[in-house]
Amino acid sequence: MKTLSLNILRITKNIVCFMACTILLLVLFGCAQSPQHDEIEAYFRVLDKIKVTKKRQMIDYFSKIKQTVHEVDRDEKILHCFTVMRNYCNSNPMRTDAPSLYKLEYEMDVHYVEKYGDFYDILFIDNKGFVFHSIKHEADYHTNLFTGQFSDTQLAKHMKNNPDSEFVDYEFYSPSDEPAAFFLKPVQENNEMLGWLALQFPINKINAILSDHKGLGRTGEVYLVNKNKLMLTDSRFIEDSTILKLKIDTDAIRLALTRESGKMIINDYRDVRVLSSFEQFDIFGHSWIIIAEIDEDEAVSNHYQKYKKFYLPRIVEYYTNIASKMNTSGKEMSRSIKGKRVDMNEFCMTRSGEVLETQGVGPCTSIIIYYPKKFGYLAHISPKDEIYQKSLLLKYLPWGEKTCFLEELVKRIQYYDIYPYQLKDLQFVVIATHDKSLETIIDQLFNMGVNLAQIKFLYNPLANYANVAFNQSDDSVYVEWLAENRKNASFFENTSTIDSIGTMVKKITVQ
């Protein structure tokens with residue numbers, strides 16, 4: 001019996017050990033694997049959630065505004081001002097001897113600030129379209145909206161053709177020189193139509209709700225489009241205002257107008273591939289489309305960072321295969337291309353179309369950073385730089401002189417050479433005979449807001465060193481790979497044929 005118990009105990013221990021090893025292997029294997037479809041779906045779920053949240057915030061805000069509008073025809077101060085000002089304008093529009101009216105105007109201004117501050121202006125309009133009073137006294141003050149210079153505005157058309165329509169959708173309202181919507185409230189007395197109170201509502205309140213990019217990373221945004229496909233909010237990526245100026249005719253907009261909601265990967269209004277979640281909804285009888293999007297490149301870059309131990313060896317293998325297929329060119333770059341020399345631990349910048357070159361990139365790394373057709377930098381970075389320190393502990397050890405060329409160079413470019421929205425247009429070409437610095441370079445650039453689609457890696461482990469040149473006039477990169485005794489040299493010059501690291505990650509993901 002004792003022997004049997006010991007055998008059972010040993011078998012139990014073996015089973016437990018086997019299960020523990022199996023779990024450990026599954027964990028390790030799972031860490032190295034790349035979920036191929038779940039990642040995109042996870043991004044869509046985030047976009048859906050943000051889209052719904054933003055839509056709810058807007059609807060709640062408009063509900064609050066609507067409640068205020070519904071109270072205006074019971075506001076005794078507003079109605080008193082309407083009656084007094086209307087009667088005065090009908091009798092003596094010059095107002096030269098009416099000090100009491102100035103007092104009424106002041107009281108009305110105070111009341112407006114206290115109760116109607118969400119509105120940009122309030123227009124007091126009679127039944128013939130004459131604006132006999134307003135808070136702001138802008139260009140529409142004392143004009144006739146039915147017959148005057150502003151008769152072609154949506155406000156005027158609604159009052160003439162749809163006098164009972166409450167909400168006038170956003171348009172560029174020239175008297176205020178900005179986009180505006182209106183809430184119209186008829187004023188009646190003894191069943192007689194006296195005119196309207198037009199509460200002018202600016203777009204900046206809605207713009208502020210959607211311009212909060214929390215949870216949307218570096219490239220995500222939420223924006224509104226009306227039924228005419230005009231953008232109702234400002235773009236995150238365009239310096240000037242896009243409100244009612246930018247027409248958007250993407251697949252997402254077209255589908256939203258037909259089937260109301262959906263999600264897909266599309267080319268957006270910048271012709272950039274994005275993950276897009278969209279929905280058509282109704283606001284006071286008008287159709288709007290809300291769109292939440294994030295650049296596919298950012299999603300891919302975040303995916304790589306999460307699973308980089310899986311991707312790095314495959315990326316290196318891809319670039320190694322490219323190097324192995326290169327043929328000896330029979331020409332030497334040093335003889336065919338001459339330019340401004342960049343030595344080790346130096347970088348140089350050009351805008352004038354000149355050539356930058358560096359030689360002897362062996363244990364070092366060369367990096368080219370350029371903005372297409374505008375400027376370029378060439379750096380030659382020694383093995384003492386931070387890009388070789390994969391461990392944070394090694395990075396901050398007190399001994400040794402370490403440089404941080406890449407980080408300092410990108411910060412310099414961001415400070416002196418580009419606007420923040422132009423960072424996505426920078427191109428990075430890394431040239432090395434080794435892959436020792438690649439992981440850290442990607443990490444540093446990612447932390448500074450660069451996506452993998454902006455990075456290319458020219459890598460040849462068969463070479464001992466490389467000579468590198470960059471011609472800013474056409475953004476061309478030349479690399480001469482050389483082995484010992486200058487034998488087995490190969491020459492590479494067309495970087496457009498090389499996939500970016502972002503493209504490589506996408507290819508690996510779908511395999």
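Over the ring of which residue does the charged end of Arg-218 sit?

**View 1. Arginine charges over phenylalanine rings.** The charged end of Arg-218 sits over the ring of Phe-446, 5.0 Å from its centre. That of Arg-270 sits over the ring of Phe-237, at 3.8 Å from the centre. A charge counts as over a ring if NZ of Lys or CZ of Arg is within 6 Å of the ring centre and within 35 degrees of the ring normal. The model is predicted: local features need pLDDT of at least 70, side-chain atom pairs count only at pLDDT 80 or more, and totals for chains, interfaces and linings use all residues. Residues are numbered from 1 along each chain as its sequence is written, and side-chain values use heavy atoms, with hydrogens and water left out.

**View 2. The aromatic pair Tyr-319 and Phe-457.** The whole structure holds 32 aromatic pairs. Tyr-319 and Phe-457 form an edge-to-face pair, 5.6 Å centre to centre with 80 degrees between the planes. Rings of Phe, Tyr and Trp (its six-membered ring) pair if their centres lie within 6.5 Å; planes under 30 degrees apart count as stacked, over 60 as edge-to-face and the rest as tilted. Tyr-319 lies in helix α9 (residues 308-324) and Phe-457 in strand β16 (residues 455-459), so the pair ties together parts 138 residues apart in sequence. Helices (H or I, at least four residues) and strands (E, at least two) are DSSP runs, numbered from the N terminus.

**View 3. The aromatic pair Phe-375 and Tyr-377.** The ring centres are 6.1 Å apart and the planes at 85 degrees, so this pair is edge-to-face.
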